[in-house]
Amino acid sequence: MKPIIDETMSVPGWLQWEEFAFQPYARNTPTSWTASNLPAGVGINGTTGLISGAAETRGIYNIGLQAHNADGSSPVVVFTFGFEGSIEDPTANVIDLRCDLGTRAMSGDFMGDVGATPADLDAEDARKLTALGLPLWVGKRGDGLLFRVQMQRGGVVSAVSFTELNMAIKELETEDVIAESTAFHSLGGGAFLVFLPLTDDRIVTALENYEGDYGTSCPVITELEWLATNPLPIGGALRGSSRNFRGDLVRDIIT
């Protein structure tokens with residue numbers, strides 16, 4: 001028999017940016033779930049139907065929910081979710097990044113050409129810089145950078161969970177690691193916060209190595225790496241990583 005979603009469940013209200021979870025139920029053993037009109041920052045677990053995350057925008061959302069099994073799909077049941085405006089915007093100092101789990105490509109909202117590309121790059125470094133593209137973030141020595149990373153697949157939010165999530169930056173020429181993230185936090189819905197302090201002494205050394213080569217900033221390689229529990233009966237823990245992407249270190253405060 002096809003699943004039948006319980007329509008008697010009440011949906012409480014939440015604040016914008018407030019982390020939440022809502023678990024729908026259905027009879028006849030659904031094996032998968034889908035939802036439409038989810039707000040940004042909110043995702044659905046396609047196996048359990050759990051809707052979770054932190055809505056990035058306030059408002060009323062009529063979310064269409066369906067449960068599926070081998071016999072077919074339930075009718076679409078619409079649940080109304082309300083998110084009140086939050087006075088404080090916790091993302092004011094957050095750098096937004098997106099990672100496609102299919103291609104491992106990174107994208108973001110910054111995409112700015114901060115530092116001039118030096119004319120005296122050798123062929124290998126020029127190739128690396130071209131492959132990295134425009135910088136997705138910029139920071140100075142001493143900064144503490146907070147990234148919000150949204151995991152996606154084909155532009156659709158992917159509600160994955162990780163046991164580890166790390167970010168590292170490397171010198172362009174040597175590819176030596178010069179800074180690493182120190183903490184991450186799950187926001188739900190496949191979104192995570194990652195804190196990366198630019199306080200390591202290796203940053204000072206790296207910037208001094210490039211003094212006079214890149215103007216007031218120098219490009220660096222950035223990489224995201226994660227670890228997830230393997231739900232399959234074969235293999236071990238699932239480790240993955242993003243493609244390399246560019247950040248820019250500004251060094252005009254270096255003394």
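Author: Strands (E, at least two residues) and helices (H or I, at least four) are DSSP runs, numbered from the N terminus. The model is predicted: local features need pLDDT of at least 70, side-chain atom pairs count only at pLDDT 80 or more, and totals for chains, interfaces and linings use all residues. Residues are numbered from 1 along each chain as its sequence is written, and side-chain values use heavy atoms, with hydrogens and water left out.

Start with Phe22. It sits in strand S3, residues 20-22. Buried means under 20% relative accessible area, exposed over 50%, partly exposed in between (1.4 Å probe, protein chains only). Phe22 has 6% relative accessibility, so it counts as buried. What does Phe22 touch, leaving out residues up to four places away in sequence? Contact means heavy atoms within 4.5 Å. The partners are Met9, Ser10, Val11, Trp14, Gly49, Leu50, Ile51, Phe79 and Phe81. Val11 is eleven residues from Phe22 along the chain, and their C-alpha atoms are 7.7 Å apart.

Now the cores. A nonpolar core is a set of buried Ala, Val, Leu, Ile, Met, Phe, Trp, Tyr and Cys residues joined through side-chain atoms within 4.5 Å. The largest has 31 residues. Trp137, Phe147, Ile169, Leu198 and Leu249 have the most contacts inside it. Elements supplying at least two residues each include strand S11 (94-100), helix H2 (201-209) and S22. S20 gives the most, five residues. Another core lies apart from it, with 18 residues, among them Val42, Ala55, Tyr61 and Phe83.
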